[in-house]
Amino acid sequence: MTRRFDAIVVGCGIAGAATAFFLARRGMAIAVYDRDGPASGGTGLSAAIVRQHYSTPLMARMAKAAVDIFRDAASILGRDAGYRRVGYVFLTPPDALDATRRVLAMQQELGIASELIGPDDLVSRLPWLDPDGVAAAAFEPDGGFADPETATTAFLEAAREKGAVAYFKTPVRGLMRRGDRITGILTDEGEVIAGIVVNAAGPWAAPLAASAGLPLTMRAVREQDTVWEARPDRPLPATSVSNAVDAIYVRPLGNRRFIVGRGFPKAYADVDPYNYKRTADPEFIADVQQRLTTRMPGFEGARLIHSYAALYDVTADWYQYVGPREGIAGYADFNGGSGHGFKVAPAIAQELAGWLAEGTVADDFRRLSHDRVARNELFVQSYGGNRG
Ligand SMILES: Cc1cc2nc3c(=O)[nH]c(=O)nc-3n(C[C@H](O)[C@H](O)[C@H](O)COP(=O)(O)OP(=O)(O)OC[C@H]3O[C@@H](n4cnc5c(N)ncnc54)[C@H](O)[C@@H]3O)c2cc1C
């Protein structure tokens, strides 16, 4: 007998798991499909820095709402979602100081706690920092990081408790389409019918959409990260750090270990998402190490523990594609995290679920639909990229 669900979510990264939860919480019959397992895509390798430092009210609002969800996970999900409120620091170069001040002003209007640490206080407040060339630092007490696997599993398990079912090691081979409606999915076990299919397949979302003739403007680019263990008794950051002066990000792992990656500006290499090099390049590791130890001398002599490469699913303007599209029923996007999608995913999932189930959606959130590409209404025409 053909299976039927109110909604099918393809992909069990943070986007798919959170969407499944917020839909299942409404009493809808939900199925999640992943060709591997929970957090097996970009989510599992994410630095998962949590920050609310965004330049648009929409994303700052999402980031704040997501912090609220992470913080209240015990009551919302019935379990910890791996969020650690260790704080977040954004190091600002002189030419970005005005933009940073504008972000802080907007954050304060939205009720986001943040402060600017001026040049006179940098050394006393951030003893791990070489302040040369740093104009100021923005500090968010509610920033930090989350464990991405714990977060994904928390949403998945909570969704299951609301009746959702998950099928792992089950690739979705294609979307089924009849006229202007997506009617379900095709798996190796056969067809599965759904009222709506949410494409949360991350860097693999474009081929899935293409199976039903839907365009999805997305690049898959390779993102390398390194893990370092610092020597004992050195001044080290306790917070997550986006260092826009030297274009690196730093995320504490505990036990003097840190994830360190490169932020914008840098070169982005397009790759085949099904076949790319998963180890980091020696030149990348050397470059990151040099940038790290120059700015944070406590990392001198640090030991490389691990390095790897994963994927960013990059959209036309580095904002996610979320929601239904005009002219096609039974389908919604939630993909294109563009290297910063972990932290905001819970809040985006919450609003997406309201849009799909009740038809209620804020005007600025509606703009996240992939329709903005065809209309040439991108959020930004040229935007360099993420900062973690
Ligand atoms: C190295 C790295 C560092 C990052 N650092 C940060 C950070 O510090 N802060 C932040 O906010 N964001 C960060 N990001 C971005 C963030 O991690 C991602 O945007 C987010 O995790 C993407 O989640 P997702 O659920 O959309 O996609 P994914 O986690 O990629 O999940 C997609 C899932 O779909 C499944 N799938 C694909 N195709 C199919 C199919 N046909 N059938 C069935 N299943 C399928 C895959 O197996 C996968 O599990 C980082 C990303 C990377 C790679």
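Reply: The mean pLDDT of the protein chain is 97, and 98% of the residues score at least 70; pLDDT is the predictor's confidence in each residue, from 0 to 100. This is a predicted model, in which local features need a pLDDT of at least 70 and side-chain atom pairs count only at pLDDT 80 or more, while totals for chains, interfaces and linings use all residues. Residues are numbered from 1 along each chain as its sequence is written. Confidence is highest in helix 1 (residues 14–24), at 99, and lowest in strand 17 (residues 269–270), at a mean of 96. Helices (H or I, at least four residues) and strands (E, at least two) are DSSP runs, numbered from the N terminus.

The ligand is surrounded by 41 residues, of which the closest are Gly13, Gly41, Gly202, Gly337 and Gly341; a residue is near a molecule or strand if its C-beta atom, placed from the backbone, lies within 6 Å of it. Two or more residues of this shell come from each of helix 1, strand 13 (218–229), strand 18 (303–315) and helix 9 (341–358). By class, the shell comprises 20 nonpolar, 15 polar and six charged residues. Here Ala, Val, Leu, Ile, Met, Phe, Trp, Tyr, Cys and Pro count as nonpolar, Asp, Glu, Lys and Arg as charged, and the others, Gly among them, as polar.

Both domains contribute to the ligand shell: domain 1 (3–47 + 149–217 + 317–374) and domain 2 (85–142 + 220–315) each supply at least three residues. The domain bounds come from an automatic or database domain assignment. The C-alpha centres of domain 1 and domain 2 are 30 Å apart. Their contact takes 18 residues from domain 1 and 15 residues from domain 2, two residues being in contact if their C-beta atoms, placed from the backbone, lie within 7 Å. On the side of domain 1 that touches domain 2, eight residues are nonpolar, nine are polar and one is charged.

Turning to strand pairing, strand 19 (residues 321–325) pairs with strand 20 (residues 328–335) in the antiparallel sense over four bridges; two strands pair if DSSP finds at least two bridges between them. Gly323 has Asp333 of strand 20 as its bridge partner. Two residues lie between the strands of this hairpin, in which Gly327 has a positive phi near 85 degrees. Four of the five residues of strand 19 are buried. A residue is buried if 20 or more other C-beta atoms lie within 10 Å of its own, exposed if 12 or fewer, and partly exposed in between, with C-beta atoms placed from the backbone.

An open antiparallel sheet contains three strands in the order 3-8-4, with strand 3 (49–50) and strand 4 (83–84) at its edges. Strand 4 is joined to strand 8 (residues 144–146) by two bridges, and Arg84 has Phe145 as its partner in strand 8.

Some backbone features remain. Most residues other than glycine have a negative phi, and most peptide bonds are trans. Ala39, in the loop between strand 2 (30–33) and strand 3, has a positive phi near 60 degrees. Ala39 counts as buried because it has 24 C-beta neighbours inside 10 Å. Asn376, in the segment after helix 11 (371–374), also has a positive phi, near 55 degrees. Asn376 is exposed, with 8 other C-beta atoms within 10 Å. Finally, Phe264 and Pro265 are joined by a cis peptide bond with omega about 0 degrees, and Pro265 lies in the loop between strand 16 (257–262) and strand 17.
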